Amino acid sequence: MALMVLMATPPSAMRAWGNGGTAVASPSHITQYAAATLPPIQLPETNGRTIEIPADSFGLPISNHESAGLYGKTAVLLQPGDTVRFTVLVADAGLYTLSFDMAALSAFINAPEGQLLVDGDFPANDARRIVFPIFYQNQQGAETFPLDRYGNEALIRQERLIRWTNVPLRGVNFSQPSPLPLMLAAGEHAFAFTLAKESILLGSIYLAPFAPLPTYAQYRQENQAPESSGVLIEMEAEWPTFKNDTAIRPANQRSLAVTPYDTYRLLLNTLGGESWDRSGSTVYYAFDVPEDGLYTITLRALQNTRNNFTSFRRITINDAVPFAELNEVPFAYSSDWTDVTLGGETPYQIYLRQGTNVLGIEATNSPYYTPIEKIKKVLIDINTLALEIKKLTGNQVDPFKEWVISDYIPDIEAQLMAIADDLEADLGVLTAVNQGRGSQEVLMYQMAIDNIRFLAQDPNKIPTRLNRFSEGSGSAAQLLGALLPLLQNQPLALDKITIHSADSPPPPIKTSFATSLVEGVKRFVHSFRRDPYQSIGAEAGELEVWVNRPRQYVDLMQLITDQTFTPETGIPVKFSIMPDESKLVLANAAGIQPDVALGVSTNIPYELAIRNALKDLRAFDDFDATINIYTPGSLLSYIINDSVYALPETQDFWVTFYRQDILDSLGIPVPDTWNGVIEILPELQRYGMNFNTALSSGSGTKNYLLTAPYLFNYDAALYSPDGFATGLASEEAITAVKFMAESFTIYGMPLTTSSFYDSFRYGSLPIGVSNFETYLKLLTAAPELNGLWAIDLYPATVLPDGRELRYATGSAQAGIMFANTDQPEAAWEFMKWWMSTETQVDFQQQLILNYGLAYLWNSANVEAFAYSPIAQEHKDVILAQWEWLQEPVKLPGSYMQERELSNAWNKIVFEGVNPRVAIDSAIITINREITRKMEEFGYLQNGVRVKEFKVPTIETVRGWMQDDR
C-alpha cells in the first residue's frame, strides 16, 4: 500500500541554537524527561486505511540520539535543506491528513519549519510553511519560585525540553479548527518534505483519511467506563509541566479569589493573561489519577482584558482532542475570577486511564477563523482597488476635480458591494461568537462595512474620499487592519486547574465582605511604604548598580548576578531601578550616586564625563582587550581626548525595510543607494506611496542621530581637525545638508511620519529607513505581514570618486562608572562580566524564555548579538550594517552644532532659505558657542589655545583594538 522513500541530501553537522556556530549557553539548557515521567507518545492508530511511512524506510542513517530511545521506534536526523521523498498509493479519493512523529533538537526560540510538496506542487498555501513545536520547562529541580532579596517571587529559569510528539499538518497561524485536509485522488502520489529551518529528529510519517472529531455523545458511547468517585486533584496553573511558547509566564494577581495569596509580598500565583494570547500557544499539565474512569475538569479563569469579548481554548488529553466540544471552549468576559467547568451545568465526563495523563490547554482563535480570513482577503481587495484608482488619478486629491471612475472601472460599484457583502456575511458569525454582546470588535467591523457601502453609493467621489476607503485612521482598511490582531489574540488568565469526580466538585470561591475590607485597608496602608526596588544605598562592601529599565529586567539581572558573578568573584551586587536618569548629575553632586549605572541614554555619559563625574575606563589595564566585542564607531560619543567614559550596552540599527509583496506587484527594485531611491520615487508617488527616511520621524528638532549620517556619507567632518571650530563650512558638508533638505523640497519624501510601522503595515509607505523599534514591532505584532517584508542595508551615498558610504548611527544605552566609587576594581570587574559574550547571551536567552520574543535584547556586544534568535538573513543584514556604525563625536559646545544643523534644515525646507545662507548663519552661532565652552573647560584662555583637544575617529578606536592584539 505504501511505496517508499528517497533522501536527496545527507544530514549535516548539528548547529547551535543561535547562529550556526558553537553555542555559548550551557548544554543544560536543553533537557528531556526521563521515560517514566510522562506517558509515551500517542501514535496514530494504524489500520487498513492509515498509511505509515516509517523512518527506517527513508534510506538514511538511523539516529542514535539519546532521546530517540524514548520514542521507541527508529528516527533520522534532518538538517535544513534535507528532503524526504516517498510515494503513496491511495486506494480511495478524498480528504487526508498528514502527521509527523518528531522532536525538535537544537531550536531555541525559532521553531523548526518545513515545506510539503505533493506531486510537485504545494497542496495548500499553508504547506509552504509547516511549523513544528518546541517545548520549554522550568529548570529541573525547581519546586518553588526563587525569592528576590525583598521576599517577592521571581521567575524560574526556563530550559528547552526535547519531547517526542505527533504533529499533524496544521495552518501556519494555528487558526483552523482541524488539521489541514489534503485532497487526494485515487492512485499514486509523490510526496516531498523538506526541512527549511533548524533540525529535528523525524520518526514515522502518517497519511490518514480526514475525519471530523466525534461529538461528546459519540465519545461517551465509545468510552464506556465507570464514573470515578471521591477524586479531587488541584493544580496551580502557574506550575505547568511544560509549554510550547516562552511568552506564557506566571503573573501576580492581588485578588483574594486566587491561591496562593499574600497581603504584602508579590506572589506569582496565576498564569497568562495578556502574555498568553497567541493562537497555538499551549501549556501542559501532567497529573496522576488513581484509576481508570470518567473525570471532570474545572478551570479557575479570568478574561477581563477585553470587554464583551470571548476568548477560546482547545483542550487536549494526552495530545489529542477527545471530542468536538473541547476543540473550542469559550471563556466569556468577566470582571472577576470564575470557576469554569468544562461542559457547564452538565459537565463533560472525560475518560482518563490510571496513572499519568497530560492535559493540554491551547489558545485558539479558530471560532474567529472565518472573519480573520475574510478580513485578510478584503484588505487585499481594498489595496488592489485603491491602487487601481490611483493609477487612474495619479494620486490627485483635488476636491474640485470630477472623475467618472465607472468609465475606467465599470464594475467598481459591484466590487465595493461585493467587499461589503463579504464582510456582512461574517458579521453575524462575529456577533454570535460573542453571544450577541456589543464589543469593540463588532463595532469596528460594522464601521468598516458602513464606510464601504457609503463609497459604493457614489463611486466617482472615491478619489476624494480615500480617507474612508484605504487611507487615514478611520478608513475601512485601517479599521480592519486594527481589528485583525484583536481577533487573532485570545487572552486568558488561569489560577487553578482541578481534575475531579462528579461527586467531588472544587470548593467554591468565597470571599466575605469583611475579609475584603480588611485586606483593602492593609494594602492601602502598605502602599505608603517606599518601593524597595527604587531604594537608594547599598550595604558596606556591596556594589550598587542603578538600572534605567523596568523591574522585570532588574529582577533577572539580580538573579543572574547572584547565581554567577557573586559566587565567582565574591563581589556582592545590589541592583535598583534608576529613579530618574536626568537627575544623575544632581545625585553625583549630592554624593548619593551609585557605583555603576546601566541603561543610561547615549547622551548622558558625555555630560557627566565633561564635569569629571565619571571614571575613565581606559585607566584599567585590560580596557583595550575588553572593547574588541564592539563596533569601533559605537564608542565615539563616549570619548574625550584619549579617555573613554562609558561602554555601549545596547545598540540600535538603521536599515531599509521593504514590503516584498507591494514592490513585486509594482515591479520596483529595492534600492541599494540614494540614487536608486530617487529613481523609484516617481513610481511610488504615482500610486500615493513614498520612501520613509529617518528624518521623517520624530519632532521638528532633528538630532545628531538623524542628521549626522548625511555628513558622514558625504565624507564631511563634523568639526575642524583640532576640534575648536565646526566642520560645516566644507563643500562636502554643504552638499550633504543640501541633499538632506532636497530629499523633501525636490524629491517629495514625507516630511513627517507619525508611525512608520503603521504606514508600512497599511502599505502607504512600503519602503523606508527605520530602526530596531520598527523591527521588533513587525516581528511580534504584525502576523499578517509574515513572509511579506524584509530588510536591507541603509542606502549608500555614491561619491564622485566612486566610493559608496553607508554610515548610520546606532547608539542606544550605555553603562557608566562614577568617579566617586570607592570600589573601582570591583565595579570594573562587574562591567566586564556584564558585557561579556557569555553573560549577554545568557541574559538574552532568559529574557526571551521568560517573557517571549517581544523582549528581544539588542546587545551592543556584536558576538552576543550573533546568537540572537532571529532570522539568519536579518541578522546578516544587521551585522553588516553595524560595520558602518559611526556615532557623532561630542565636544564642548557640540550641542549647539546639533541644534543649529536642525535649525538650518528647518529654514531650508520650510522657509525656502538658500542652503549656503542657512549654513553660514549656523557656522557663526556654532563657532561662538564652541569657543565659549572651550574656555569654560580650560582649553582656551582669552581666545588662545592652552590645552590640546583630540577629536577621536574610528581609526583611533581601531588602533586601541589592534594594540591589544
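Me: Which residue stands opposite Y658 in β35?

Reply: This is a predicted model; local features need pLDDT of at least 70, side-chain atom pairs count only at pLDDT 80 or more, and totals for chains, interfaces and linings use all residues. Residues are numbered from 1 along each chain as its sequence is written, and side-chain values use heavy atoms, with hydrogens and water left out. Strands are DSSP runs of E, at least two residues, and helices are runs of H or I, at least four, numbered from the N terminus. In β35, the residue opposite Y658 is I767.

Me: How many bridges pair strand β33 with strand β35?

Reply: Two strands pair if DSSP finds at least two bridges between them. Strand β33 covers residues 655-659 and strand β35 covers residues 767-770. They pair in the antiparallel sense, and the bridges number 4.

Me: Which strands are the edge strands of the open sheet?

Reply: The sheet has 4 strands, in the order β34-β35-β33-β36, with mixed pairing. An edge strand here pairs on one side only. That describes β34 (691-692) and β36 (789-792).

Me: What angle does helix α18 make with β36?

Reply: Helix α18 (residues 772-781) packs on this sheet. It touches β33, β35 and β36, where contact means heavy atoms within 4.5 Å. Angles run from 0 to 180 degrees between N-to-C directions, and axes are lines fitted to C-alpha atoms, for helices over the stretch in contact. With the direction of β36, that of α18 makes about 155°.

Me: Which helix lies across β33 and β36?

Reply: This helix spans residues 872-882. It runs at about 25° to β36. The helix is α22.

Me: How far apart are the axes of helix α9 and helix α19?

Reply: Helix α9 covers residues 551-569 and helix α19 residues 824-835. The contact includes F565 of α9 and W833 of α19. Its residues divide into 7 nonpolar (Ala, Val, Leu, Ile, Met, Phe, Trp, Tyr, Cys and Pro), 2 charged (Asp, Glu, Lys and Arg) and 2 polar (the others, Gly among them). The helices pack at about 120°, and their axes lie apart by 12 Å.

Me: Which residue of β13 stands opposite V84?

Reply: Strand β5 (residues 83-90) runs antiparallel to strand β13 (residues 187-197), joined by 8 bridges. V84 faces a residue of β13. That residue is F193.

Me: Over which residues does pLDDT stay under 50?

Reply: pLDDT is the predictor's confidence in each residue, from 0 to 100. The chain averages 87, and 93% of the residues score at least 70. The stretch under 50 is residues 1-48.
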